[in-house]
Each structure stands twice: as structure tokens, then as C-alpha cells.
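Good morning, colleagues. Please look at the sequence and the structure as they come up on the screen.

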Amino acid sequence: MHEAQSGLECPLCGSTAHRDIGVNPDFSPSRILACRSCGFMRTSPMPADSELAERYRQEYRELRRERITDLFLAARGLRAQAQHSFILGTAPEWRNSAELDVMDVGCAAGSLLEVFASNARILIGYEPDERMASAARDRLAGRAEIRNRLLDWPPPDERRYDLICMSHSLEHTREPISTLSHLFEYCNEGGRVFLEVPNETLATVRTLCDRDTRGVFHLHFFQADHLRRCIELAGGRVLRIGTFGDDLHAPPFLGSGGMRRIATGVSSRFFRSARARQARLSRAMFYENPRGGIWLRCLCARWN
Ligand SMILES: [Zn+2]
């Protein structure tokens, strides 16, 4: 265990006291620090934008091996349906709307945009991965505009959105608070932001470091209180937040690797057939876990 370094402020509470958890396996030699005051964990030093771009372009793809197969799309489709249900459960006035302007930042192959197609007037997706963006374009031809890049900042036009989604992307950003404030700037009056991130505790992050697990590529590690604080610091307020999926500490789905393991078809005694796997994944996706699940889901809005 390394001693706390001075001069490094926690972005959430400003404390400079932290615990060194170990090397972040995907960003070696950068380390993961846990704030001693609020517990928020972040990578330090934060890799430069150029290094991040390079790592996401090369290593991220190689290590994650996400191929756009039927199984991958089925798993993403289930997650999108669960997210759609969460969002409309918190915004019931949107249930019968076909007039929403929706943007998905990090839309991958377009699964979430697809489930919102019947509610939407306009669908915009940002996706930096060329293969994913191309798949999204093919699947949503004529229904969505897919932009093969990171979110534009400042906004390129006057358009603002009713709903902005960011699923499993915020943990990969260098500055989540400013990213969230950008998302709020993109909201129209009454607009909402949906977020999903892995729910990660000191124990799961320690396991990640101890096992030298590669392919996760998280720069920040959220629990509900941390996500809430980030939203508030970005000028937003939480409308609903909850944890979903398998128990955080129950094997074999440790942390954020669960989705990837399922999607890549790793066999185990729990999964004897594709149908059983789909059924189990579907239950997990929709299951709000009072003991603490592996995903945090949140709907929030700008304060004013
Ligand atoms: Zn802190």
C-alpha cells in the first residue's frame, strides 16, 4: 500500500487524502486511488487524451473481442429493453409519445435507439467505434442519424433533446462531471439524462487490481452516492437511481465483466443452452437488486 500523495484532489469532495488500491491494469503505470473521505475511486495520473484515444482504438478492441454477432445483438437488445422500461417507468408521460428527440452517446450498434424508435421524432447516435457505428447505421437506416465520433462540444446546432442516454460510457471518461454538464447543456426544458454504469466497490476494484484483469478500461469507479454527487456537481438532480442485475459479490459475475462473459458465450454450469442463457440474462437485466446489483441505472435532469 502506497502512502497518499499530496496535491491530488478528489473531484467529488476535494479531499487530498486517498488510499492507493494498485495499478489500474489497463492503464499501467497509472494507479487507482480511493478517496479517504468519500470513497470515490479514480485513475491517477489520468492518461492524456492522445494516449486514451490510442488505447481505445487498439487494445480495447483486441482485449474485449466484441464481435457484432446475433448473440451480442440479442444481449444488447435485452439490456436496451430493460433500460427503456426503467426510463418510461420514471417518465410515464413519455409512454405514449411519438415525438421525443433522443440522443444516445456511445450508442454501439444502436440497440437503445432502436427500442426508442416508436417514441421518437428524432434519433441521434454518437459512436466512436467505426464497426459499431456502421452496424447501427445499417440497422437503423432511415430512422436514426449515427455520428461516428465522440460527442460534439460545443453543440454543432441549436437542437436540444428530451432524452439523452449514456450507457456504460461515463466510467471511460476523463472528466465525468464536465461530461455530465455537457449532457445537461444538450437537454431541452424538461429534458432528462439516462445513465448506466457498472456499480463498483472497493472490494471489486481490489479484485480487479489483484487479478490484473485486463479489458475493463474504467477510469472512474462509481457507486450510487458517487454518481449522485457527480450529477449534482454538474448542475443536475437525480430523479431515480437503483442497482440492477446479479449480486455484486456473487460469483461468477464479478463486476462489469458479467455482460462481456455472457455476450462472448463463455459456457458454465449456469448456461447449458442459448435459450437458458437468454432467459437468465433477461431476468438479470430487469432485476432491481436491493442487495446491490452489478449495474447502476439513473435518470436525472438539469436543476433549472
Ligand atoms: Zn472524495
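This is a predicted model: local features need pLDDT of at least 70, side-chain atom pairs count only at pLDDT 80 or more; totals for chains, interfaces and linings use all residues.

H6 covers residues 176-185 and H8 residues 224-233; their axes lie 8 Å apart, at an angle of about 55 degrees. H6 is therefore oblique to H8. Which residues make the contact? From H6 they are Pro176, Ile177 and Leu180, and from H8 they are Cys230, Ile231 and Leu233. By class, the residues of this contact comprise 6 nonpolar, no polar and no charged.

I turn now to helix H7, residues 202-210, where Thr204, Val205 and Leu208 are buried. Viewed down the axis of H7, the buried residues fall within an arc of 95 degrees, so they line one face of the helix. As a general point, an α-helix has 3.6 residues a turn, so residues three or four places apart point the same way.

What covers the buried residues of H7? The cover includes four strands: E1 (18-23), E2 (31-35), E3 (41-44) and E9 (220-221). On the face of H7 turned away from the buried side, we find the exposed residues Ala203 and Asp210. Finally, just after H7, aspartate 212 adopts a positive phi of about 55 degrees.

Thank you for your attention.

Definitions and conventions:
Residues are numbered from 1 along each chain as its sequence is written. Axes are lines fitted to C-alpha atoms, for helices over the stretch in contact, and angles run from 0 to 180 degrees between N-to-C directions. Helices (H or I, at least four residues) and strands (E, at least two) are DSSP runs, numbered from the N terminus. Angles under 35 degrees count as roughly parallel, over 145 as roughly antiparallel, 65 to 115 as roughly perpendicular and the rest as oblique. Two residues are in contact if their C-beta atoms, placed from the backbone, lie within 7 Å. Ala, Val, Leu, Ile, Met, Phe, Trp, Tyr, Cys and Pro count as nonpolar, Asp, Glu, Lys and Arg as charged, and the others, Gly among them, as polar. A residue is buried if 20 or more other C-beta atoms lie within 10 Å of its own, exposed if 12 or fewer, and partly exposed in between; C-beta atoms are placed from the backbone. The arc is that of the directions from the helix axis to the C-beta atoms.
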